[in-house]
Amino acid sequence: MNSPQSTPLPLPPRKAHKGLLREDLLVLRHILNINHGLQALDQNRLKTLNGLGLNLPDSKIKDLLIVSLDVENPNIAQLAKNGKYQVGLSILDTRHLQSSILNSHDLLQTYQFCIGPLKYCRDASRTFCFGQSKHIKLEDLNSAIQNLILKRDFILVVHGGKWDCRFLQAAKVDLTPLYVLDTQKAVQHPFDLDHRCTIEEMLNLLKCPFGHQVLHVAGNDANYTLRTLLLIATIDATAANHLGYAQKSLLSALEEITRGPVPLNDRQIEAEARRQIEEDRMRRRREKRAARRLKEKIKRDREDDMDSETFIHD
């Protein structure tokens, strides 16, 4: 008797937002002139893209700063209670992308401001990989950031930065970006994702190397957020089959920037020094053991030779 044929279970419905093409990715394409030209844009999106500033001379790349921001401990409730904060920024000037010789080590300018007790700021600075943190008062944060932007057009890049933006508003930091671009949204379409990535997950997805215990430090996270944005652009562009030589050269340069080395922070330098000291100590121990074994072997060989001579004489 034949058993009744089982009915295959239906596949779960695809989530409506899985792999969604969000406006953040369209803005990124537009800024770097890597539009795919595959999607029809509605009037609201066209208005957004047309409001992204002027082009660079002899280029369709936008003339602006790409400013990545991260805030550690963006707790608005503590603003009046002498809270402890780190504010990190990493900045790419698109004007530098026109240079015939790109020095990838200098293109991402990264800063970290620390607000709170001096000891807190010293500790935070020890984990910052891109120079020295600057200890400032909360009321000086606005001018510190404005001095970096220099009245240029800019877009603000965040990684799920809802609370970061609220912190800036509460701290009276007066920023007027042309657009606030979220890497969590921009990455969704190229990787067909149905959820918002953590920074660690995104770096792994993009195969962007990062060191041990360097994340969740404001300046470092700002730098890595900007790196992920540029990598999203390069990976997304692989779906386009009509890129010209200039666009391909730009994407190659962006990938070189993102995969460039990250300096060691003070704690990593100290850990590396301790590791080197331990390696040297172990090497000396191995050398001493090897020398002792060699000495013992020579002694045994001599004793064997003496025994052989005694046997012959006997």
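Predicted model: local features only at pLDDT ≥ 70, side-chain atom pairs only at ≥ 80, totals over all residues.

Started with strand 5, residues 154–158: five of its five residues are buried, so I put it down as mostly covered, with buried meaning under 20% relative accessible area.

Then I checked the two faces of strand 5. Phe154, Leu156 and Val158 are buried on one side, and Ile155 and Val157 are buried on the other, which leaves both faces covered.

Next, the neighbours. I found strand 1 (residues 65–72) paired parallel with strand 5 over four bridges. Looked up Ile66: its bridge partner in strand 5 is Ile155. Strand 6 (residues 180–182) also pairs with strand 5 in the parallel sense, over three bridges. There, Leu156 stands opposite Val180.

Moved on to strand 3, residues 109–115. Five of its seven residues are buried, so I noted strand 3 as largely enclosed by the rest of the structure.

Which way does strand 2 run against strand 3? Antiparallel, I found, with seven bridges joining strand 2 (residues 85–93) to strand 3. One spot I looked up was Gly88, which stands opposite Gln112 of strand 3.

With strand 4 (residues 134–135), strand 3 pairs in the parallel sense over two bridges. I got Lys134 of strand 4 as the bridge partner of Phe113.

Last entry: strand 3, helix 4 (residues 118–126) and strand 4 make a right-handed β-α-β unit.

Methods:
Residues numbered from 1 in each chain as written. Heavy atoms only, no water. Buried < 20%, exposed > 50% of the residue type's maximum accessible area, 1.4 Å probe, protein only. Pairing = 2+ DSSP bridges. Right-handed = clockwise from strand over helix to strand, strands pointing away.
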